[in-house]
Protein chains: 2
Amino acid sequence: MKETVLQPGRRIPANAPTIGVFDSGFGGLTVLRALLHRLPGAKFAFLGDTARLPYGSKSRRTIARYAAESARFLVNEQNAQFLVIACNTASALALDAIQDAVSVPVLGVIEPGAEAARAASQTGDVLVIATDATVQSHAYAGACRGLGLRALEKACPLLVPLVEEGWVDPSSTMGAVTSQVIRIYLGELIEQASAAGLTPDVLVLGCTHYPLLHTFFQAEVPAGIRVIDSAQATAETASRLIEPLPGLAREGRAENTLIRCFATDSVDKFERLGSRFLGQPVGRVQLVDLGG
Amino acid sequence: MKETVLQPGRRIPANAPTIGVFDSGFGGLTVLRALLHRLPGAKFAFLGDTARLPYGSKSRRTIARYAAESARFLVNEQNAQFLVIACNTASALALDAIQDAVSVPVLGVIEPGAEAARAASQTGDVLVIATDATVQSHAYAGACRGLGLRALEKACPLLVPLVEEGWVDPSSTMGAVTSQVIRIYLGELIEQASAAGLTPDVLVLGCTHYPLLHTFFQAEVPAGIRVIDSAQATAETASRLIEPLPGLAREGRAENTLIRCFATDSVDKFERLGSRFLGQPVGRVQLVDLGG
């Protein structure tokens, strides 16, 4: 299998650890992007199970099976020594199944997001926005409750398609639509929080697509509410856990890191849109068949 | 299997024909709605293959297999004597496979849409808006070309989520977002048409979700361009073909018609959103397992 070496001249130590990053689609590339900047001396293998998305509309059992197959591919065939589940649905519904399927440490996106919210909140009241599937799982509310926080969750189904359309420039006519959609969603959420007697001071972005809207959230969120990006929070936690692994170079530049990207379908869309999420070219994406 | 009889008092002749209507999701209920009004004396069985949507991101071979399984369910288990494929992707990629799988007449949504465009157009230049998957199949462009029309297609990926969010009231703040999104899409499309030297006088709505945005299109489309709804066009063609079937009552009211709805997953979402598409209650939706 050919490797996508973004800058072949750059030498990564042969024994550098490989970090496996998994998502049902390619939104999880925002988590990989945050990881690259923290661990430029690691190697990365990213798998998007694009043939079987969206996970959100499938049963827990089916999601667990798909996620376990994907995790095994990254560990057994790509030699990943650490797995980051950069997918909210799989983190919410299949983390145990993934941990059972492989023998390396596994980190999801939900616990780090909730931990970051706890660190940032004074009032203990937290707002979470995410996809419909993530909200229906109530995984963030559960993780927040476990940390002594009260969380109010809201599904914002228009935000993923707005990001995938590329309507993410705040100064454009299209960006004005995105601003207005975010204003409507946040207005509804803050009204609900007020009706429930909450005084939130943190907004958690609970979807891997949302980091591309960070500027919009900063502009639209009311004063006194801090925006927490669960992709960033996950990368921070992961890098703390990964840094002790042997062979990790201590220096390097994110754009020189060795990244191999795999998808189970729709390689074209992945290559076309992925760079926007990764913040640098994704290179050639390899098609893999997980036998689903 | 229990039947959802919307008004049990009403008598449909025992030998009234059953019309099977199939979609990957529940958007095709807009086609069923248009059929009900034309054929109130028929019985209807609707199947949404919600467990395996979206079809748009899958290969032709996989879509053909899923659609053939769904068609066999409607014909063999629900005794459908006529099939309407109320799904643009399946119509574009699997109509032959469905026709091979069953022995009853099968009608897709694309040919009727193209025929209606030919009947309405003076210039022979036609605009088509649809989902990304339908546009990538170029099925409308092909059907239009076969009728001597020139067609320019545009994917409008935000419209389905806007409909599913219910942002469809033009007088609301949310409706203002939908208006603006449609204005942007139509502006881009008309600019492309002009650059290509086309003088379009017809806009085909090539997605089963779009009839819920009909008022918006009427308001935003430039003067001199007529809006053609492929759901309506399909229902018109279907009713012409179905009317000769024996046992069809000549009278009745759409809201009294016998409808059975089936889905392969997400029955809750189907029940919650389906009525908006059907224009009347969908009743209880039965979960079926097609063994996929």
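Student: How many bridges join strand β1 to strand β3 of chain A?
Tutor: Five bridges join β1 (residues 18–23) to β3 (residues 80–85) in chain A, and the two strands run parallel. Keep in mind that this is a predicted model.

Student: Which residue in β3(A) is the bridge partner of A:F22?
Tutor: A:I85 is that partner.

Student: And what does A:I85 touch, leaving out residues up to four places away in sequence?
Tutor: Its contacts include A:F22, A:A90, A:L95, A:I98 and A:V106. A:I85 is also among the residues that touch the most other members of the largest nonpolar core, which has 200 residues. B:I85 is in that group too.

Student: Back to the sheet. What's the strand order in chain A?
Tutor: It reads β4-β3-β1-β2-β9-β10, an open sheet of six strands with parallel pairing. The edge strands are β4 (106–108) and β10 (285–287) of chain A, and each pairs on one side only.

Student: Which strands does α11(A) touch when it packs on the sheet?
Tutor: It touches β2, β9 and β10 of chain A. Its direction makes about 165° with that of β10(A).

Student: New topic. What domains does chain A have?
Tutor: The assignment gives domain 1 (18–108 + 234–287) and domain 2 (111–230). Their centres, taken over C-alpha atoms, are 23 Å apart.

Student: How many residues of each are in contact with the other?
Tutor: 20 residues of domain 1 of chain A contact 17 residues of domain 2 of chain A. On the domain 1 side, α3(A) gives the largest share, five residues. By class, that side has six nonpolar, eleven polar and three charged residues.

Notes:
Residues numbered from 1 in each chain as written. Chains lettered and ligands numbered in written order. Predicted model: local features only at pLDDT ≥ 70, side-chain atom pairs only at ≥ 80, totals over all residues. Domains from an automatic or database assignment. Contact = placed C-beta atoms within 7 Å. Helix = DSSP H or I, 4+ residues; strand = E, 2+ residues; numbered from the N terminus. Nonpolar A, V, L, I, M, F, W, Y, C, P; charged D, E, K, R; others polar. Core = buried A, V, L, I, M, F, W, Y, C linked by C-beta atoms within 7 Å. Buried ≥ 20, exposed ≤ 12 C-beta atoms within 10 Å, placed from the backbone. Pairing = 2+ DSSP bridges. Axes fitted to C-alpha atoms, helices over the stretch in contact; angles between N-to-C directions.
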